[in-house]
Amino acid sequence: MNDFRSRLALVMAEKNIKAAELSRLTGISKPRLSQYKNGVYVPKADAICAIARALGVSEAYLLGTTDIPEARSGGKYKVLPVVGQIACGYPVFASEEDGGTVYTDADTDADFCLIAKGDSMKDARINSGDTVFIKKADTVNNGEIAAIIINDEATLKRVYYYPESSKLMLISENSNYEPMVYSGDELEKIRIIGKAVAFKSEIR
C-alpha cells in the first residue's frame, strides 16, 4: 500500500488539508489517519472511499491505479488476497500464508496475487518483490506466463506444452537460466494454478 500512503500525503499537501480537517470530514480519528500515512495500517474499503470523497479525488487515484485525480471511480475497485511468494528463478516451497491484500481496478481479471522472488523473469519486466496478479486456470496457451506448482514448489515461467511428444518446457525470461523440461510421468508432478495477467512494480 505504498501507493496509497504516498498519494494520501501528496493530496493532503496539495489541497492544504490538515489531519484534523480530514478527520472531521471522514470521521476517521487523527491517530488512525497518521497510521495510514505512515503505512502502519492498511485502510479498509470504506475508509478509502471516505478519504477519497473528502479529498475530492478518486479511489483509484489514491490507490495508484490511475494518475487522473478527478476521474472518479465510483468505488469500482476490488481487493485481492496475496497468498505468498513465487520463485522467479528456481522453485520455492509453495505456501498459502496470509500475505495481506492488494487493491486494484475492478476490471483486473485476477483472483489472487503472488509476490515475485528472484530474477528469472526480469526480461519480462517482472522483478523480485513485484506483485503478480494471477487468474485461476489449470491450462494456459503456449507462450503465456503461468504460476506453476512442481512437487509442492512454486515458480513463474512461460509455458510451452507439446502434446504430441508429451513434453512441457518452462522458460525463464533471463538467459542465465536453462529451460526446465519435463516429459512422460514427470508431468504428473506438475500443476498449473493460474495465468499471470498483470504485475505491479514499486519505484526503484
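No disulfides are counted in the structure, a disulfide being a pair of cysteine sulfur atoms within 2.5 Å. The structure is a predicted model, in which local features require pLDDT of at least 70 and side-chain atom pairs count only at pLDDT 80 or more, whereas totals for chains, interfaces and linings use all residues. Residues are numbered from 1 along each chain as its sequence is written, and side-chain values rest on heavy atoms, with hydrogens and water left out. Two of the cysteines may be described by their accessibility. Cys113 is buried, its relative accessible area being 0%, and Cys49 also counts as buried, at 18% relative accessibility. Here, buried denotes a relative accessible area under 20%, exposed over 50%, and partly exposed the range in between (1.4 Å probe, protein chains only).

The protein comprises five helices and 10 strands; these are DSSP runs numbered from the N terminus, with helices (H or I) of at least four residues and strands (E) of at least two. Of its 204 residues, 41% count as buried. The accessible surface amounts to about 11000 Å², and carbon and sulfur atoms account for 48% of this area; the areas were computed by the Shrake-Rupley method with a 1.4 Å probe, and for residues only the protein chains shown count as cover. Contacts (heavy atoms within 4.5 Å) were also examined by sequence separation. Among those between residues at least 6 apart in sequence, 59% join residues at least 24 apart.

The largest nonpolar core contains 19 residues, and those with the most contacts inside it are Phe4, Leu8, Leu22, Tyr36, Ile51, Leu55 and Leu62. Such a core is a set of buried Ala, Val, Leu, Ile, Met, Phe, Trp, Tyr and Cys residues joined through side-chain atoms within 4.5 Å. At least two residues of this core are supplied by each of H1, helix H3 (30-37), H4 and helix H5 (59-63). The largest share, five residues, comes from H4. In soluble globular proteins, nonpolar side chains tend to be buried together.

Helix H4 spans residues 45-55, and its buried residues are Ala47, Ile48, Cys49, Ala50, Ile51, Ala52 and Leu55. Leu55 touches Leu8, Val11, Met12, Lys15, Ile17, Leu22 and Leu62, when residues up to four places away in sequence are not counted. Just after H4, Gly56 adopts a positive phi of about 75°.

Arg7 belongs to helix H1 (residues 2-14). This arginine is buried, because its relative accessible area is 15%. A polar atom of the Arg7 side chain lies 2.6 Å from the backbone oxygen of Tyr61. The pair is a polar contact, defined as N or O atoms within 3.5 Å; within protein, one atom must be able to donate a hydrogen and the other to accept it, and residues adjacent in sequence count only if both atoms are side-chain atoms.

Among the strands, E7 (residues 153-162) and E8 (residues 167-171) run antiparallel and are joined by five bridges; strands are taken to pair if DSSP finds at least two bridges between them. Tyr162 stands opposite Lys167 in E8. The hairpin of E7 and E8 has four residues between the strands, and within it Ser166 takes a positive phi near 50°. Ser166 is not a glycine, and it is partly exposed, with a relative accessible area of 25%. E8 is in turn joined by four bridges to strand E9 (residues 180-183), the two running antiparallel. In E9, Met180 is the bridge partner of Leu170.

A positive phi in a residue other than glycine also occurs at Asn151, with a value near 50°. Asn151 is located in the loop between strand E6 (145-150) and E7. At 47% relative accessibility, Asn151 counts as partly exposed.

Strand E10 (residues 190-200) includes Ile192. This isoleucine counts as buried because its relative accessibility is 17%. The C-alpha atoms of Ile192 and Thr139 are separated by 6.2 Å, although the two residues are 53 residues apart along the chain. With residues up to four places away in sequence not counted, Ile192 touches Ala137, Asp138, Thr139, Val140, Ala146, Ala147, Ile148 and Val159.
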